[in-house]
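The questions below concern how the parts of this structure meet. Each answer ends on the value or name asked for.

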Protein chains: 2
Amino acid sequence: MPDVRAVHWDEQRSALVLLDQTRLPAEVRHLVVEEISVLLDAIQRLVVRGAPALGVVGAYGVAVAMQQGAREGWTAARMSDEIARIASARPTAVNLSWGVARADARRSDGVAAVLAEAHAIAEEDIGANRELSRIGADWVCDRVGHRPLRVLTHCNTGALATAGWGTALGIVRELHARGLIEAVYADETRPLLQGSRLTAWELADEGIPCFVLADGAAASTAQRGLVDVAIVGADRVARNGDTANKIGTLGVALAARHAGIPFVVAAPSTTVDPTVSSGDDIVIEMRPEEEVLTFAGTPVAPGRVRGFNPAFDVTPHDLIAAVVTEHAAVTPTGADVAEILRGIA
Amino acid sequence: MPDVRAVHWDEQRSALVLLDQTRLPAEVRHLVVEEISVLLDAIQRLVVRGAPALGVVGAYGVAVAMQQGAREGWTAARMSDEIARIASARPTAVNLSWGVARADARRSDGVAAVLAEAHAIAEEDIGANRELSRIGADWVCDRVGHRPLRVLTHCNTGALATAGWGTALGIVRELHARGLIEAVYADETRPLLQGSRLTAWELADEGIPCFVLADGAAASTAQRGLVDVAIVGADRVARNGDTANKIGTLGVALAARHAGIPFVVAAPSTTVDPTVSSGDDIVIEMRPEEEVLTFAGTPVAPGRVRGFNPAFDVTPHDLIAAVVTEHAAVTPTGADVAEILRGIA
């Protein structure tokens, strides 16, 4: 297991602790969360991010709200409002509202029960990630070859994005454990550089060979035959297999199609949203213009110019070779992925 | 005409003057070039860049060499070596060595003749850009519609990249003059941010509405129906129409194909290289890893990680709706583009 915890509950302080990912790789600093305003700010500033990690954070957030409400004497209505604010702090990843809802269902049983539910979600996430990593590694070996592979990935989908193992990066970890990673090409992932700051940090820590490249370099790197498979995570998978993920993912999928290599989506089954029929219905978060008009805090564009900053994009299912969950690797055909997975599970 | 000169000859000082593009948009500073070592460093650091501008710089560089050689008493062999170093300072843009060769052919007639040739190259470049801009604007109106258009572009292809007007951005200027630009989506163009630093600066200066976006956002922006046409420049066009341009261009071409919008390459006919049969034969410059691992001197990736930094990519001709030169807009079919253009000219 990687020695990184993006999210955990500190029993002694009875508080939620987040590894501040905005400061990586320069600094390893933690944020103690005892108030909902701090939690919302942390989620919105991406102190913590990654769909599975947000599911865990949402669940612990219910406990934070209950403790703050007890201290401050919130009404039942106020409590419900505050919990609803956690669920909608970011719109695209389905896991956040799912984690909140699951913990909230235990609220009448008290904080200890909510915490037990949150711990369970974290444990289940790690278990699902480990299992989907095995299934994904098997799928890649079967389809691409049982030899050291060059994997292209986008954004960060490792321990930092989950409860502690990883989705796409979990498959990379599993392949590495089998001696089957030659190199990882990590898109830097502008505007917030989760690839160069977070993915490279995790891979370097484990001695997995890694090249950081500009997002725009992915297409030609694949076209030149330097990549065997592209593996990414997901923030929400629609019933037909259309997948929302970090902005730039669609470009990776198009590059993979053009280069004739498989494009694989790795996510726990909780990321599949049975209430959404296709990618058209997934809400795409628009983030502040400044994120693209500045680079690591320094302005890079002239003052009078606007930025356009969607945080996610949707990859249509026909570009996806497999959606890998802890139940199975499913090739989307437009048929109901949620139902297929239910059938297998 | 935009009030920007990337390259000019200062008659009083008898020296080449370059606008230092590495400092834009924060600072407008000029570099006076009187020695070949300074010129080579300026070309390699991208103080001046853009294929057509490099053609002009190459020609003036011969005059710089002649003046330095006269001051320092160079042998004929030394002079040839120094001029050859200019021609090969960067490998991908054909215009650099072409500009050097054209000026060098006048060397036996003296510095004044070489300068006259360099001035002529600059004048011809502006003339070719103006003409290809009219042809390109007509082509876009015919094919896309005679209404305010949303144009996606990549890197910088404006006055800063040429002798003073622009190729892809020249078409944008022409469309704007006709009242036919609704907005320009400018890819920021990592790693060196020519889009946010240079293209946005030129467009803001002329009041052309501009949104800067992460390179990874181009594909979904087109897919969402927000773009009518993608227009880019070129560093070298092979005989079959395969086109080398700034890294990330292939991704724009794939995005345009996926979104069902035309992908247009704009370049003076001097960028078409009749000695290169296809993109496979174009040398792609690899740039320092640090460009992708740092920003403005600040590391963005952990120390132990490698960078992978190709400066250009090749877009295959079948993704290109038109190569627009000062002679015509040609749809590449694999047939010899150089010969087609010769037939028209």
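Q: Into which domains is chain A divided?
A: This is a predicted model, in which local features need pLDDT of at least 70, side-chain atom pairs count only at pLDDT 80 or more, and totals for chains, interfaces and linings use all residues. Residues are numbered from 1 along each chain as its sequence is written, chains are lettered from A and ligands numbered from 1 in the order in which they are written, and side-chain values use heavy atoms, with hydrogens and water left out. Domain bounds come from an automatic or database domain assignment. For chain A they give domain 1 (7-124) and domain 2 (134-341).

Q: How many residues does each domain of chain A give to the contact between them?
A: Over C-alpha atoms, the centres of domain 1 and domain 2 of chain A are 25 Å apart. With contact taken as heavy atoms within 4.5 Å, domain 1 of chain A gives 24 residues and domain 2 of chain A gives 27 residues.

Q: Which residues of domain 1 of chain A lose the most area to domain 2 of chain A?
A: Buried area is the accessible area (1.4 Å probe) that two parts lose on being put together, summed over both. The two domains of chain A bury about 2100 Å² between them, with 57% of it on carbon and sulfur atoms. On the side of domain 1 of chain A, 29% of what is buried comes from three residues together, the ones that lose the most: Arg49(A), Thr92(A) and Val94(A).

Q: Which side chain meets Glu285(A) in a salt bridge?
A: A salt bridge is a side-chain nitrogen of Lys or Arg within 4 Å of a carboxyl oxygen of Asp or Glu. Across the interface of domain 1 and domain 2 of chain A, the rule finds one salt bridge. At 2.9 Å, N to O, the partner of Glu285(A) is Arg90(A).

Q: What area is buried between chain B and chain A?
A: The contact takes 50 residues of chain B and 51 residues of chain A. Carbon and sulfur atoms give 69% of the buried area, which is about 4000 Å².

Q: Which residue of chain B stands opposite Arg306(A)?
A: Strands (E, at least two residues) and helices (H or I, at least four) are DSSP runs, numbered from the N terminus, and two strands pair if DSSP finds at least two bridges between them. Strand 13 (residues 306-307) of chain A runs parallel to strand 6 of chain B, joined by two bridges. In strand 6 of chain B, the residue opposite Arg306(A) is Phe211(B).
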